[in-house]
Amino acid sequence: MILGQDPYHGEGQAQGLSFSVPDSIPAPPSLQNIFKELFSDLGLEKSSPALTAWAQQGVLLLNACLTVPAGRANGHAGLIWEPFTDAIIKGVNSKTTPVVFILWGAYARKKKALITNPQHLVIESAHPSPFSAHRGFFGSPPFSRTNAFLAENVFTPIDWAR
């Protein structure tokens, strides 16, 4: 699971998957930084800003808030979505198989309290935003750490280049 804050708030950007945008939309700065870290971590390049292939491999790309007013980042925070998305996080936490939770940014990291199952791996860092990526997102190797954990638990690693 990769947990984000809320959808991108620009025209046509939101796709229903955290950090993902449709192929027809240029990658926003946070997503560009995710791709920079992917290259730094695994030497992989991702050509599409759509992360649907990650979702098809089992990566749940969830935002804590599922809607946002146009042009107003975090505009629906604390209003309606958190009980629902918290229930999703708790449901994934209750799985009997190991899960990797990637929490990017302070907002997502607050959800760590919902992840209580010791068999899961929690990877947390600063948000990939240009405002904070240099405060711990870059150099955090989330992709290799995820794949190492999956391999240790006899799961197929994620093909992050797809």
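Analyst: Leu103 stands opposite Glu124 in E4. The model is predicted: local features need pLDDT of at least 70 and side-chain atom pairs count only at pLDDT 80 or more, while totals for chains, interfaces and linings use all residues. Residues are numbered from 1 along each chain as its sequence is written, and side-chain values use heavy atoms, with hydrogens and water left out.

The strand in view is E3 (100-104); strands (E, at least two residues) and helices (H or I, at least four) are DSSP runs numbered from the N terminus. E3 pairs with E4 in the parallel sense over five bridges, where pairing requires at least two bridges found by DSSP. E3 is also joined to E1 by two bridges, and these two strands run parallel. Here Leu3 stands opposite Leu103 in E3.

These strands belong to an open sheet of four, with parallel pairing and the order E2-E1-E3-E4. Strand E2 (61-63) and strand E4 (121-125) are at the edges with a single partner strand each, so one side of each lacks a neighbour in the sheet. On average, neighbouring strands are turned by 20° against each other, direction ignored. Strand E1 (residues 2-4) pairs with E2 in the parallel sense over three bridges, and Gly4 stands opposite Asn63 in E2.

Five of the five residues of E3 are buried, so the strand is largely enclosed by the rest of the structure. Buried means under 20% relative accessible area, exposed over 50%, and partly exposed in between, with a 1.4 Å probe and protein chains only. In a regular strand the side chains alternate between the two faces of the sheet. Val100, Ile102 and Trp104 point one way from E3, whereas Phe101 and Leu103 point the other way.

H3 lies across E1, E2 and E3 and runs at about 140° to E2. H5 packs on the sheet as well, touching E3 and E4, and its direction makes about 165° with that of E3. Such angles run from 0 to 180 degrees between N-to-C directions, with axes fitted as lines to C-alpha atoms, for helices over the stretch in contact.

Trp104 is also among the members of the largest nonpolar core that touch the most other members, together with Ile2, Ile34, Trp54 and Trp160; the core has 25 residues. Helix H1 (29-42), strand E3 and helix H5 (142-152) are the elements that give two or more residues to this core, and H1 gives the most, with four. A nonpolar core is a set of buried Ala, Val, Leu, Ile, Met, Phe, Trp, Tyr and Cys residues joined through side-chain atoms within 4.5 Å. Not counting residues up to four places away in sequence, Ile2 touches residues including Ile102 and Trp104; contact means heavy atoms within 4.5 Å.

E3 and H5 each supply at least two residues of the lining of the second largest pocket. That lining has 19 residues, and Met1, Gly58, Val59, Leu150 and Ile158 lie nearest the pocket's centre. On a 1 Å grid over the protein atoms alone, a pocket is an open set with protein on both sides within 12 Å along at least five of seven lines, unlike a cavity, where a 1.4 Å probe fits but cannot get out; lining residues have an atom within 4 Å of a point.
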